[in-house]
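Work through these exercises with the structure open beside you. Try each task before you read its solution.

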Amino acid sequence: RLLIIDFGSQVTQLIARRLRELNVYCEIHPYQNVTMEFVREMAPRAVILSGGPDSVTREGSPRAPQEIFDYGVPILGICYGQQVMMHQLGGKVESGHGTAEFGRAFVTPKAKLDILAGWFTDGDDQVWMSHGDHVSEIAPGFKVFGTSPNAPFAITADPSRHFYAVQFHPEVHHTPKGAKLYENFVKLAGFSGDWTMGAYREQMITKIREQVGDKKVICGLSGGVDSSVAAILIHEAIGDQLTCVFVDHGLLRKNEATEVVEMFRDNYNIRLIHADESELFLGELDGQSDPETKRKIIGKLFIDVFQKHADTIDGAEFLAQGTLYPDVIESVSFSGGPSVTIKSHHNVGGLPEKMGLKLVEPLRELFKDEVRALGRELGLPTSFIGRHPFPGPGLAIRCPGEITREKLEILREADAIYIDQIRKHGLYDDIWQAFVAILPVRTVGVMGDGRTYDFACALRAVTSVDGMTADYYPFSHEFLGETATRIINEVKGINRCTYDITSKPPGTIEWE
Ligand code: XMP
């Protein structure tokens, strides 16, 4: 097994993910729990030190147990993990001005290194950086194997001890050769594994049966891929002990409610309650403009509504949710990890302490594309599996500022045209997620001979593999022009259209 010591990076789970793709068994443990006693008991064959938000120059900041460097197994340090390694092994780290790097960078090779097999075949390689501090002096025994314009120590190693330390994040999709680096690392550590999606499905079915017994489960169905896969998996495990509740919070896209209800009633033999609660949600959201407040209100109401329906189902003791790894990691405070909360995710943030229902979350360990693979494993149609993700709080987080019915109506129309354009141009499957956000600002325009004073909107489309990192989609100018013209001409209430070209990080995919 492999031990990942978590220093609180937003993308630590992705390391586990990359290793799982290599069928390697690994465990993530917060640095506070990792003592040398713990390490000896676990007996890992290799160790990875994750990134993290702290600065090793700060007194009292996280460290690895010092003796781990004498334990005799390969160690890979990433970003903060690199700095911890350098610092603990006698090098120097500084919080410098002007040496921070966020986003794309290119690494130039300096010497050959085993974990870089397959790199630099066409010159420099792209990597994803996200650091404020940097190493200013490497530890004794280490050599430099790669540099980037802002990180002279982008790749350092002491190959004789199998110690590797990189400044960038090889686990994210935007480091294209990152997976290769992990493959090389686990190979030299002597790993072979047998983790598969088929095995996961069987494991989860057994686990759900054990957890639920003969009790009843209610499942919140959103019509998205996650909750649908969760519902179908649970249905496979316990059949009619499951009842799905589809909550229409009034924040869905055009025609979405009808489509979801029809699909589940026509195609699956799953019990389904259609709860139209839009009055309740929109009423509570009235006048609210703070993103976290909106998320918390929606999260809380969801649970209330579930409970209301759970009460009508005799013996319902469990609530099933399609919570994914990214939902968990970005709100990680509840699991005791060291990450900073970026957003309170809908599935997690609104959970009251005592909700009276126990949770069933069969997708908690999976990333989006793994959920799709599981969906395929469960026989779901490809067109359904390929649907773009849609967030639990729905259009609320695409409507910065106060939410009004008027704005939602405008947003629905604009979004429908945008998605129609994307489908017509055959681009839907190349894009991870595309949507319109309505901006809380009115601008002046001229249409015909008249003055207009209407809302502006932003189009968003990103490529991503897991939602953890993302880049904007490079539409042609013709496409953007044609789409903007259609939206402005066809949607009453919008007179200006912009395209959002922010990557993640530093942005997020949704606007709130
Ligand atoms: P961000 O905006 O955090 O989004 O970059 C990453 C992915 O997560 C989706 N998202 C959510 N999904 N509940 C969900 O089920 C939520 O509260 C939520 N917030 C964001 C987002 O659409 C993107 O795919």
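**Exercise 1. The whole chain**

How many helices and strands are there in the protein chain? Find also the share of its residues that count as buried.

Solution. Remember that this is a predicted model. Begin with the elements: the protein chain has 15 helices and 20 strands. Next, take burial. The chain has 512 residues, and 45% of them count as buried. Last, look at contacts between residues at least 6 apart in sequence. Of these, 75% join residues at least 24 apart.

**Exercise 2. Helices H6 and H12**

Decide how H6 and H12 lie to each other: roughly parallel, roughly antiparallel, roughly perpendicular or oblique.

Solution. Two packed helices are described by the angle between their axes and the distance between the axes. Helix H6 covers residues 225-238, and helix H12 covers residues 368-377. Their axes are 10 Å apart, at an angle of about 40 degrees. Compare that angle with the cut-offs. Under 35 degrees counts as roughly parallel, and 65 to 115 as roughly perpendicular.

Which residues meet? H6 brings Val225, Asp226 and Val229. H12 brings Val371, Arg372, Leu374 and Gly375. By class, this contact has four nonpolar, one polar and two charged residues.

**Exercise 3. Helices H14 and H15**

Repeat the analysis for H14 and H15: are they roughly parallel or roughly antiparallel?

Solution. Helix H14 spans residues 405-424, and helix H15 spans residues 477-490. Their axes come within 10 Å and cross at roughly 150 degrees. The cut-off needed here is 145 degrees: angles over it count as roughly antiparallel. H14 and H15 are therefore roughly antiparallel to each other. This crossing is right-handed.

Next, list the partners. Ala414, Ile417, Tyr418 and Gln421 of H14 meet Thr483, Arg486, Ile487 and Glu490 of H15. The classes are four nonpolar, two polar and two charged residues.

**Exercise 4. Antiparallel pairs**

Follow the pairing of E9 with E6 and with E10.

Solution. Start with strand E6 (residues 101-109). It pairs with strand E9 (residues 143-148) over two bridges, in the antiparallel sense. Now move to strand E10 (residues 151-158). E9 and E10 are antiparallel too, with four bridges. Lys143 has Ala157 as its bridge partner in E10. E9 and E10 form a hairpin, with two residues between them.

**Exercise 5. Backbone details**

Are Ala43 and Cys79 buried or exposed? Then find the cis peptide bonds at Pro505 and Pro506.

Solution. Take Ala43. It sits in the loop between helix H2 (36-42) and strand E3 (46-49). Its phi is positive, about 50 degrees, although Ala43 is not a glycine. Ala43 has 10 other C-beta atoms within 10 Å, so it is exposed.

Cys79 lies in the loop between strand E4 (75-78) and helix H3 (80-88). Its phi is also positive, near 55 degrees. Cys79 has 26 C-beta neighbours inside 10 Å, so it counts as buried.

Now the prolines. Pro505 and Pro506 lie in the segment after strand E20 (494-499). The bond from Lys504 to Pro505 is cis, with omega near -15 degrees. The bond joining Pro505 and Pro506 is cis too, with omega about 10 degrees. Pro506 is exposed, because 9 other C-beta atoms lie within 10 Å.

Notes: Residues numbered from 1 in each chain as written. Predicted model: local features only at pLDDT ≥ 70, side-chain atom pairs only at ≥ 80, totals over all residues. Axes fitted to C-alpha atoms, helices over the stretch in contact; angles between N-to-C directions. Contact = placed C-beta atoms within 7 Å. Nonpolar A, V, L, I, M, F, W, Y, C, P; charged D, E, K, R; others polar. Left-handed = near helix turned anticlockwise from the far one by under 90°. Buried ≥ 20, exposed ≤ 12 C-beta atoms within 10 Å, placed from the backbone. Pairing = 2+ DSSP bridges.
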